[in-house]
Amino acid sequence: LPAGAGELEQVIVIGRKPATADGDHLHGFTSYLNADDQLASPVNLASIVDRQPGVAFSGQGGLFQTVAIRGLSRQRVGNFFLDVPLLSERRAGTAASFIDPAMVGEIELVRGPATTAYGSGNIGGLVRSLPATPGGVRAELSWGGSGRENGIMLAAGDEAAYAAVSRRASDRAESAAGDPLNTEFEQYNLMAGGSLDVADARYELVTLASYGRDIGKSNNRYPDDRITYYPRERHWLTQLTRRGDSSTGSVYFHHQDLETSVLRPEQRLDTVRASALDFGARYARAWREGSPWHWGAEYMGRRDVESEEWTTPVGGSRGPAQQTLQASQDEFAVFLEGRYRWRDVTATGGLRFT
């Protein structure tokens, strides 16, 4: 210790070794991260998982920061809230940017064969966020110095019924070299849920609504050549889960829309508006009670996957909108995953047919 430092009261180890997930249907290299273990209030969920082995930031920073797992990124890394897949048409991949980290209790970072239980597109790994359940009344107030980041969150309730509301925002910040960063945003979140025991099963309901506006995105051409920002981002998702002794089933939906604007000073403003409705159901069951092997089936549908764009010259009027995407999707899958342990050797594996 440096001279005069005194005695250490606490040491927090952020990086953890991958561990086998006993007692759950996710096996292989799975890490469980507690959002409350962070030394400071994170701006996004990517800032929490970035500290783990094999995980690194990918693409440009800001609220829409994405991560790479084991060298793979973009559409090869999945993001989930409970069982709800967070899908996006963004080239950089999906970011769980609309979820306030203060409303997340635990994050499952999965690397390995267990990712087959959540889709063939998660070959690099997946990040699965679980909601925080307040034990009574909880209030949080945060403040940062770089871009004057600030946030407030109020929550009350218990496992039977709870609700939480939050607001967070940031101004433009500066890099260490004094360059301006387009990091401003304003975001509101509302989450409610509860659980009920009926016979030999537990039913859980969670709903989350998010609204963001004027979300900036930094790049090396800001602010002289290109200014990228998101004027509006809206999400609403809900999941109903049934948990039995050896099985879990869920149904969910997720509606989202995002508006993107790219301003080229003294030239034009390009605007893109995208929206989609996702819904689905999944069922997973142990091969037998206490077995490390699980099988399951899943359905995921997408409707009204649409995108349109238009251009507005600087000093001119808005041009006509052009539809660039109009699609729907239905996906059915069955999967099997688990592990086999022999003495000091553990083998994990997974199969999926989609």
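Glu-108 forms a salt bridge with Arg-128, with the closest N and O atoms 3.0 Å apart. A salt bridge here is a side-chain nitrogen of Lys or Arg within 4 Å of a carboxyl oxygen of Asp or Glu. The pair links distant parts of the chain: Glu-108 sits in strand β6 and Arg-128 in strand β7, 20 residues apart. Both residues are buried. Buried means under 20% relative accessible area, exposed over 50%, and partly exposed in between (1.4 Å probe, protein chains only). The model is predicted: local features need pLDDT of at least 70, side-chain atom pairs count only at pLDDT 80 or more, and totals for chains, interfaces and linings use all residues. Residues are numbered from 1 along each chain as its sequence is written, and side-chain values use heavy atoms, with hydrogens and water left out.

Strand β7 covers residues 125-131 and contains Arg-128. Helices (H or I, at least four residues) and strands (E, at least two) are DSSP runs, numbered from the N terminus. Arg-128 counts as buried because its relative accessibility is 7%. Its side chain reaches the backbone oxygen of Leu-82 at 2.9 Å. The side chain of Arg-128 also makes a polar contact with the side chain of Asp-83, at 3.1 Å. A polar contact is a pair of N or O atoms within 3.5 Å; within protein, one must be able to donate a hydrogen and the other to accept it, and residues adjacent in sequence count only if both atoms are side-chain atoms. Asp-83, Glu-108 and Arg-128 are linked in a network of salt bridges. Beyond neighbours within four places in sequence, Arg-128 is in contact (heavy atoms within 4.5 Å) with residues including Phe-80, Glu-106, Ile-107 and Tyr-118.

The structure holds 20 salt bridges. Another one joins the side chains of Arg-148 and Asp-171 (3.1 Å, N to O). Arg-148 lies in the loop between β8 and β9, and Asp-171 in the loop between β10 and β11 (173-174), so the pair ties together parts 23 residues apart in sequence. Arg-148 is partly exposed, with a relative accessible area of 48%. Asp-171 also counts as partly exposed, at 32%.

Strands β8 (residues 136-143) and β9 (residues 150-157) pair in the antiparallel sense over eight bridges. Pairing requires at least two DSSP bridges between two strands. Glu-140 stands opposite Met-153 in β9. The β8 and β9 hairpin has six residues between the strands, and Arg-148 takes a positive phi near 50 degrees there. β9 also pairs with β10 (residues 161-170), antiparallel and over eight bridges. Leu-154 stands opposite Val-165 in β10. Three residues lie between β9 and β10 in their hairpin.

The protein chain has one helix and 20 strands. Of its 354 residues, 44% count as buried. The largest nonpolar core has 29 residues; Leu-45, Phe-81, Leu-86 and Ile-99 are among those with the most contacts inside it. A nonpolar core is a set of buried Ala, Val, Leu, Ile, Met, Phe, Trp, Tyr and Cys residues joined through side-chain atoms within 4.5 Å. A second, separate core of seven residues includes Val-110, Tyr-118, Leu-126 and Phe-335.
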